[in-house]
Structure formats: structure tokens, C-alpha cells
Amino acid sequence: MHQTKSSYDTKKTDRTSDVNEIPIQRESDIRDNILSESLKHVTDKGWTMEAIRAGVRASNQPTTVEGLFSNGYDLVDYFMRDANAKMATYMSEKAKSGEKQGSRLLIDALKYRIGLVVPYANTWDQALAQGALPQNAMRGWKNILDLSSDAWHGAGDTSTDINWYSKRLILAAIYKSAEIYMLQDQSQDKIDTMNFLERRLGDFQTLGSVRNSMSKSVSDAGQIASGLFSVVRNLTSRR
Amino acid sequence: MSRFLSKVIFRSESRRFLSSLATFDVKPEQKTRELIDKIIRVDQAGELAADRIYAGQMAVLGHTDVGPTIQHMWDEEKAHLAKFNELIPKYKARPSALLPIANIAGYALGAGTALLGKEAAMACTVAVEAVIGEHYNNQLRDLMEHADQTKDKDLIETIRKFRDDESQHHDTGLANNAEQAPFYRNLTSVIKLGCRLGIYLTERI
């Protein structure tokens with residue numbers, strides 16, 4: 001009865017099978033998974049390390065993993081990158097199915113993008129204030145410029161000279177002003193923000209020059225001012 | 001002097017060492033994307049500059065007997081520029097912010113050397129094409145090492161073809177008595193230095 005496994009018997013146990021391997025995850029994937037978990041805790045804990053720690057606990061990782069993150073801004077950075085990627089997919093889907101094109105596609109993609117921020121609107125002024133700090137400013141700028149670059153590429157922009165820069169900068173400025181407007185918008189589902197975005201982009205399309213695309217109406221300027229005020233208040237608060 | 005400077009600016013070991021210090025968290029796909037972005041940016045700016053150099057030369061020497069030769073080389077450069085303009089949206093590359101400067105500087109160089117005579121114009125062509133040939137070879141080496149051979153085959157083939165075209169222009173320049181230009185050695189060294197500086201700046205800005 002030779003059923004017992006001898007240690008020299010190499011045929012029974014397949015040591016080279018893939019099933020026994022522990023998959024090696026890239027550090028960036030681990031960080032992204034934890035950050036996406038942490039997003040669920042943002043409404044009560046804000047865009048801070050506390051929310052990231054809650055995310056680490058929720059994804060059953062050892063707490064030492066916290067060392068992968070430097071400050072609460074990592075969460076904002078992840079959220080923006082993820083939202084940009086979603087907007088790019090939205091644009092390529094809509095363009096492929098042929099439903100929308102050109103400027104309509106651009107406007108709707110930006111509305112979609114700002115719609116992704118709307119669930120976090122209560123704490124977004126904290127995120128913007130953190131983004132104004134010098135150590136985080138570079139990343140924040142890069143994300144906004146990536147957003148406007150992705151939006152133009154999705155809309156089929158083929159400019160190859162100085163227009164490349166002016167289009168992106170103008171779109172980034174318009175989007176940023178829409179986010180600030182959103183901070184003080186009390187309407188249902190932020191419909192006022194969507195209309196604001198539509199108006200500003202419409203101005204940009206028809207007039208098409210830098211000077212003219214700055215806000216003309218007094219009430220829009222007032223709304224932007226009150227949104228900026230809440231950003232500044234967050235910057236100077238002692239949290 | 002120009003060779004010393006070019007060695008300092010382009011010492012590939014120091015470039016890679018410096019870049020590896022700053023990028024311990026960057027994925028390889030990201031590095032390849034940055035490389036391709038940089039390559040397309042430099043090449044588009046370079047072809048624009050070349051196009052303007054020939055425009056400057058034609059403006060002065062268009063009616064002489066080297067006119068048709070310069071026109072032929074100019075047409076090829078226009079085709080190169082069109083190809084890179086097509087590649088920019090395709091690879092989502094950023095065009096250089098120094099394009100207006102490249103435009104003006106190229107025209108000034110072309111017209112300036114043409115005013116010094118036919119041979120000086122040919123010497124300018126020889127100098128520029130020599131630097132560009134070396135530059136394209138460096139890019140091809142980098143692409144062979146880092147880029148995906150199947151997906152980016154178009155880019156690699158394009159650069160290879162353009163390098164061969166530029167090398168032909170270089171030989172045309174030499175065949176048209178470039179070496180008889182006044183101060184040939186100094187003229188070509190200064191122009192080569194200027195080109196290398198232009199490449200260095202455009203890669204970054």
C-alpha cells in the first residue's frame with residue numbers, strides 16, 4: 001500500500017501551479033484600491049489622513065500601509081485622476097456611438113465631470129483649500145490641466161501650435177470657476193452650476209477670444225466671489 | 001567647444017541617473033509615454049525650424065542656380081512637418097511653447113546665411129542636417145530600448161525615413177560646395193551649437 005506521500009515524491013504535488021502563487025500587486029494599485037475605499041468616508045471625515053486611515057481599515061490592510069500616503073491631499077489627487085479617467089471614457093463612448101460631437105460633446109463631458117464632484121460638494125471647499133497650499137499646488141494644477149487636455153482630445157482637437165496652450169488654459173479656467181460656483185450653489189442637484197457652465201462655455205465658443213470669455217454678467221461675478229470666500233475661509237481656519 | 005558642450009548636455013549616463021533618482025514610483029508605461037511625448041515635441045519644433053530655414057534661404061537665393069535644389073529640400077521638410085503635425089494629436093503630445101521663437105530664429109538663420117552667399121547657405125544646411133541626423137539616431141536608440149516595437153512601429157519607421165532624408169540633404173549641401181564657404185569651420189560650429197541648444201530647450205519647454 002504505497003499511498004503515503006514520500007517527501008521525494010515530486011509527481012503528486014504540483015508546485016508550479018499558478019493557483020498557489022500570491023499575486024504581486026504594484027504599489028500604485030494598492031494605493032488606488034485603498035483610496036477608492038477611503039472616498040466613502042470623506043463626507044464625515046473630510047479630505048484628511050483620518051479618511052485614508054478609515055479606508056485602510058475598511059480594506060483589511062495592515063495599518064502600516066498608511067506609510068504609503070503623505071497627506072490628505074493624496075485622496076483629492078486620486079479622486080481627480082479617477083474622475084478625469086471616467087470623463088475620458090464617457091467622451092470616447094459618446095463619440096464612438098455618434099450621439100454627440102464637437103462642442104456639444106465638450107460641454108456635456110464637462111457637465112459630467114462636474115457631476116462627479118457634486119456628491120462631495122459639502123467638503124469640496126476643503127479639498128480646494130488644500131490644493132492651494134504650496135506643497136499640493138503642483139499636483140492640483142497638473143490634474144486640472146490633464147482634465148482640460150483630456151476634454152479637448154476627446155472633442156477631437158488637432159491644434160499643433162500656440163492654440164494648443166490657449167485652448168487648454170481657457171477651458172481649465174472655466175472649469176475651475178464652475179467648481180468654485182458650485183461651492184455656494186444651493187439649487188436642487190446643482191442645476192444652477194450646470195447652467196453656469198453651459199453659459200460660460202457658450203460664450204467661449206461664440207466669441208472665442210480670451211478677453212471676451214471672462215465673465216460678463218455681474219451676478220455671475222458675485223457668485224464666484226462668494227465661492228472664493230468660502231475657499232479662503234477654509235485656508236485660514238485652524239484645522 | 002561645441003563638442004564639449006554637447007557632451008555635457010547629452011551625456012546619456014548622467015541623464016538616466018538623474019531621471020532614475022526622481023522616478024522611483026513611476027510605471028514603465030508612464031516613462032515610455034513621456035519619452036514619446038518629448039520626441040514628438042522636439043521633432044515637430046525641429047521640422048518647423050528647418051522649414052523656416054529653407055524659407056529664409058529661398059527668399060534670398062530663390063532666383064539663383066541653387067534655387068531649385070533648395071526648393072526641393074524645402075518641399076521634403078514641409079512633408080516632414082505635416083507628418084509630425086499629424087502625430088501630435090495621435091499620440092496626445094504637447095507641442096513646444098517655443099514654437100514662435102523657433103519660427104523666427106529659423107527664418108533669421110536661413111536668410112542670414114543666404115546673405116553671406118550660396119556656399120554659406122549650403123554650409124548652414126550641412127551643419128543643421130548633421131546635428132539633426134545625430135539627433136534622430138539618438139531618438140531611434142531610445143525608442144528601440146523603451147518603446148513597444150509593434151504599437152509604435154509607425155513612429156520608428158517615420159523617424160528612420162526622416163533621418164535618411166536629412167542625411168541626403170547633408171550630402172546635397174556638401175556636393176554644392178558648402179566647404180568653400182567663408183569661415184566654414186567656425187560657421188558650422190556655431191550653427192551646430194545653436195541647434196543643439198535648441199534641441200535641449202525644446203525637449204524641456
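What pattern does chain A follow when read along the sequence? In this predicted model, chain A follows the pattern α-α-α-α-α-α-α-α-α-α-α. Local features need pLDDT of at least 70, side-chain atom pairs count only at pLDDT 80 or more, and totals for chains, interfaces and linings use all residues. Residues are numbered from 1 along each chain as its sequence is written, chains are lettered from A in the order in which they are written, and side-chain values use heavy atoms, with hydrogens and water left out.

Chain A has eleven helices and zero strands; helices (H or I, at least four residues) and strands (E, at least two) are DSSP runs numbered from the N terminus. Of the 239 residues in chain A, 42% are buried, where buried means under 20% relative accessible area with a 1.4 Å probe, protein chains only. Among contacts in chain A with a separation of 6 or more, 66% join residues 24 or more positions apart; a contact has heavy atoms within 4.5 Å.

Helix α4 of chain A (residues 73-97) has 25 residues and reaches 36 Å from its first C-alpha to its last. This is close to the 36 Å expected at 1.5 Å a residue, the expected span being 1.5 Å times one less than the number of residues. Just after α4(A), A:Gly98 takes a positive phi of about 75°.

A:Thr193 is found in helix α9 (residues 191-207) of chain A. A:Thr193 counts as buried because its relative accessibility is 1%. Leaving aside neighbours within four places in sequence, A:Thr193 is in contact with A:Ile114, A:Ala178, A:Tyr181, A:Met182 and A:Asp185.

The contact between the chains takes eleven residues from chain A and 16 residues from chain B. About 1,100 Å² is buried between chain A and chain B, and carbon and sulfur atoms give 57% of that area. Buried area is the accessible area (1.4 Å probe) that two parts lose on being put together, summed over both. In chain A, the most area is lost to chain B by A:His153, A:Thr160 and A:Tyr165, together 44% of what that side buries.

Between chain A and chain B there are zero salt bridges, defined as a side-chain nitrogen of Lys or Arg within 4 Å of a carboxyl oxygen of Asp or Glu. On the side of chain A that touches chain B, α1 (27-38) and α8 (162-183) each supply at least two residues. The largest share of that side, three residues, comes from α1(A).

Notes:
Buried means under 20% relative accessible area, exposed over 50%, partly exposed in between (1.4 Å probe, protein chains only).
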